[in-house]
Protein chains: 2
Amino acid sequence: MTLFKSLAVVGPGLIGSSILRRAREDRGIAQTLIAADSNAAVLDRVRELGLADIVTADLAEAAKADCVVLCVPVGAVEAVALEMLPYMKQGAILTDVASVRGQLGPRISTALPTGVSYVPAHPMAGTEHSGPDAGFATLFEDRWCLLIPPANTDTSAIHKIEQLWKQCGARTRVLEDAYHDQVCAIVSHLPHLLAFTICDTADNLSDELRADVLEYAASGFRDFTRIAASDPVMWRDIFLANREILLETLDRFTADTKGMADAIRAGDVESITDRIARGRQIRRTLIANRQA
Amino acid sequence: MTLFKSLAVVGPGLIGSSILRRAREDRGIAQTLIAADSNAAVLDRVRELGLADIVTADLAEAAKADCVVLCVPVGAVEAVALEMLPYMKQGAILTDVASVRGQLGPRISTALPTGVSYVPAHPMAGTEHSGPDAGFATLFEDRWCLLIPPANTDTSAIHKIEQLWKQCGARTRVLEDAYHDQVCAIVSHLPHLLAFTICDTADNLSDELRADVLEYAASGFRDFTRIAASDPVMWRDIFLANREILLETLDRFTADTKGMADAIRAGDVESITDRIARGRQIRRTLIANRQA
Ligand SMILES: NC(=O)c1ccc[n+]([C@@H]2O[C@H](COP(=O)([O-])OP(=O)(O)OC[C@H]3O[C@@H](n4cnc5c(N)ncnc54)[C@H](OP(=O)(O)O)[C@@H]3O)[C@@H](O)[C@H]2O)c1
Ligand SMILES: NC(=O)c1ccc[n+]([C@@H]2O[C@H](COP(=O)([O-])OP(=O)(O)OC[C@H]3O[C@@H](n4cnc5c(N)ncnc54)[C@H](OP(=O)(O)O)[C@@H]3O)[C@@H](O)[C@H]2O)c1
């Protein structure tokens with residue numbers, strides 16, 4: 001028996017096409033795979049790659065699936081959900097993979113028809129690439145997938161979405177919306193903000209200096225730019241959706257930066273060494289956690 | 001004919017032992033390899049690894065080499081140079097691999113005996129590890145090595161140090177002290193400062209949140225911690241030696257961060273996207289430069 005009779009992925013880009021690829025390999029996930037997108041070129045490519053049994057631009061048709069996974073950009077999740085919910089079946093599950101919760105939970109919850117569950121799940125995996133060609137079946141292998149179901153969600157629906165992600169290779173955990181956004185602010189959103197900004201700072205240098213910085217980038221700068229290569233629209237949406245928590249996290253970081261700058265300015269050898277040594281300690285813990 | 005009759009590496013740690021390993025493989029670099037260090041345990045290990053023909057704690061003995069390469073921490077370079085210079089031979093070359101110039105150039109220049117040249121050269125290569133076991137012969141392969149000779153340095157001495165680094169696999173370029181420090185401030189020192197600081201910020205979180213951040217670190221944070229694992233003393237020295245330029249670079253970065261925060265706070269979609277898109281552009285240039 002398969003987990004779902006039919007599974008629809010809306011927005012078969014990096015994340016969506018990775019789910020489809022996995023479900024194509026593991027036919028225990030769903031009997032019928034459906035891919036839907038607003039972009040005809042994306043749908044053509046999904047057909048060429050043979051990623052789904054049904055490929056459609058019709059969201060109402062895709063909404064008939066037993067499980068609907070929204071893999072559209074964060075900024076589009078709410079609108080696409082509201083468009084599809086009226087067409088969803090009794091007992092069906094709506095989920096999305098958005099990297100930030102913000103107000104998505106309460107907004108979508110209030111629009112749920114009775115008998116339809118909403119169990120969003122954020123896979124902590126990705127690359128800096130996007131589109132249907134960027135996905136791969138092992139993207140979620142050994143990575144975390146954080147479930148953020150609204151309070152009072154049907155537990156069997158939660159179990160099914162946990163099972164979906166386990167069959168995709170991920171480990172799952174259930175968190176609350178605001179806590180999820182706080183963890184992601186420091187794990188992911190702040191590092192991305194800093195990476196984008198250091199690129200800006202480099203970009204603002206005189207032409208000669210900028211050219212040399214790019215030439216000698218290997219000594220640290222390069223590591224920041226990899227994550228700065230990510231999709232601008234996706235990250236703009238994430239920053240806006242997690243605005244409050246992100247800005248508060250940035251404030252703390254800025255205060256810590258000022259602390260380091262003051263220590264350097266004052267030549268406070270002990271304070272500088274102590275601040276640096278904590279980086280090493282954090283790194284060691286990561287290695288112990290098998291996260292590095 | 002070898003480039004040097006004898007080559008002495010003082011401080012055979014990550015960088016120093018990598019030079020020795022390379023010179024042991026490519027006997028065109030020097031006939032006799034000498035390793036000197038103030039730490040007896042380091043010398044024992046260098047003997048066990050068979051990295052040099054002569055292994056000594058006596059800096060005056062090592063100073064007799066045709067080329068003396070100081071691979072000690074930035075903060076120790078000046079003192080070790082001043083200790084060794086009186087013992088150096090006519091026609092010999094002193095060099096160091098310090099990651100930052102600061103006042104090293106003028107200070108060491110004034111102490112040079114006639115007939116001895118000073119040609120510091122900073123290899124833009126490294127890892128977060130240190131000590132004689134951390135080195136490897138290919139560390140400098142295809143990496144830049146920046147030469148920063150004081151004005152009026154004998155050009156044949158500059159050529160010899162260029163040749164040394166070419167034989168180590170590196171590409172070389174000559175820069176001025178202050179310009180070198182400015183490039184390194186943004187390429188290397190600022191990224192390290194930010195990486196250390198984000199670890200501090202994580203370390204300051206509540207226990208629960210910190211534990212979760214470390215658990216889910218894979219989504220960006222992890223990339224920052226790799227460079228934060230570097231040696232505290234080395235980086236303390238670098239930050240202090242490049243204090244002015246680094247703090248000025250940090251000020252610009254902080255202003256750019258504030259610009260991004262203001263755009264997020266105001267929901268200025270265009271400005272956010274534009275700032276992020278520049279990260280992508282910088283990354284593309286790096287790939288085109290074969291630096292990514
Ligand atoms: N990338 C990551 O690292 C990562 C990690 C975890 C979670 N996520 C989440 O995954 C989601 C998708 O990200 P991704 O990286 O997979 O993006 P992606 O590769 O750009 O894929 C998104 C797909 O959605 C389509 N789309 C956009 N608006 C739509 C709409 N209104 N209706 C239907 N389809 C629409 C896009 O078409 P177009 O080509 O026309 O835009 C594209 O095919 C986001 O919510 C993101 O937060 C991403
Ligand atoms: N690591 C990088 O990424 C990198 C890149 C480019 C350039 N550099 C430069 O390379 C130099 C060395 O860095 P590294 O990473 O190779 O460090 P390392 O692995 O710690 O090696 C430094 C060696 O110098 C010894 N030492 C310390 N003080 C000394 C003194 N007063 N007299 C004699 N020996 C002394 C140390 O002994 P102990 O073990 O007793 O301390 C150690 O064996 C620094 O100037 C650094 O700026 C580093």
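Predicted model: local features only at pLDDT ≥ 70, side-chain atom pairs only at ≥ 80, totals over all residues.
**View 1. Strands S2 and S3 of chain B pair in parallel.** Strand S2, residues 30-36 of chain B, is joined to S3(B) by three bridges, and the two strands run parallel. Within this pairing, B:Ile34 has B:Ile54 of S3(B) as its bridge partner. Helix H2 of chain B, residues 40-49, packs on the sheet, where it touches S2 and S3 of chain B, and the direction of the helix makes about 165 degrees with that of S3(B).

**View 2. The open sheet of chain B is built from six strands.** The strands follow the order S3-S2-S1-S4-S5-S6, and their pairing is parallel. Strand S3 (54-56) and strand S6 (117-118) of chain B are the edge strands, each of them pairing on one side only.

**View 3. Ligand 1 is surrounded by 25 residues.** The closest of these residues are A:Leu14, A:Asn39, A:Val72, A:Ser99 and A:Gly131. Helix H1 (14-25), helix H4 (74-84) and strand S7 (121-123) of chain A each supply at least two residues of the shell, and H4(A) gives the largest share, three residues. By residue class, the shell around ligand 1 divides into 14 nonpolar, 10 polar and one charged.

**View 4. Oxygen atoms of ligand 1 lie close to polar atoms of chain A, including one in the side chain of A:Asn39.** The polar side-chain atom of A:Asn39 lies 2.8 Å from an oxygen atom of ligand 1, while a backbone N or O atom of A:Ile15 lies 2.9 Å from an oxygen atom of the ligand. A polar backbone atom of A:Val74 is 3.4 Å from an oxygen atom of ligand 1. Of the 890 Å² of accessible area that ligand 1 has on its own, the protein covers 81%.

**View 5. Ligand 2 is surrounded by 25 residues, among them B:Leu14 and B:Asn39.** B:Val72, B:Ser99 and B:Gly131 are also among the closest residues. A polar backbone atom of B:Val72 is 2.8 Å from an oxygen atom of ligand 2, a backbone N or O atom of B:Ile15 lies 2.9 Å from an oxygen atom of the ligand, and for a backbone N or O atom of B:Val74 the distance to a ligand oxygen atom is 3.4 Å. Taken alone, ligand 2 exposes 890 Å², of which the protein buries 81%. Three residues of the shell, the largest share, come from H4(B).

Key. Residues numbered from 1 in each chain as written. Chains lettered and ligands numbered in written order. Heavy atoms only, no water. Near = heavy atom within 4 Å. Polar contact = N/O pair within 3.5 Å; in protein donor to acceptor, adjacent residues only side chain to side chain. Areas by Shrake-Rupley, 256 points an atom, 1.4 Å probe, with all protein chains shown as cover. Helix = DSSP H or I, 4+ residues; strand = E, 2+ residues; numbered from the N terminus. Nonpolar A, V, L, I, M, F, W, Y, C, P; charged D, E, K, R; others polar. Pairing = 2+ DSSP bridges. Contact = heavy atoms within 4.5 Å. Axes fitted to C-alpha atoms, helices over the stretch in contact; angles between N-to-C directions.
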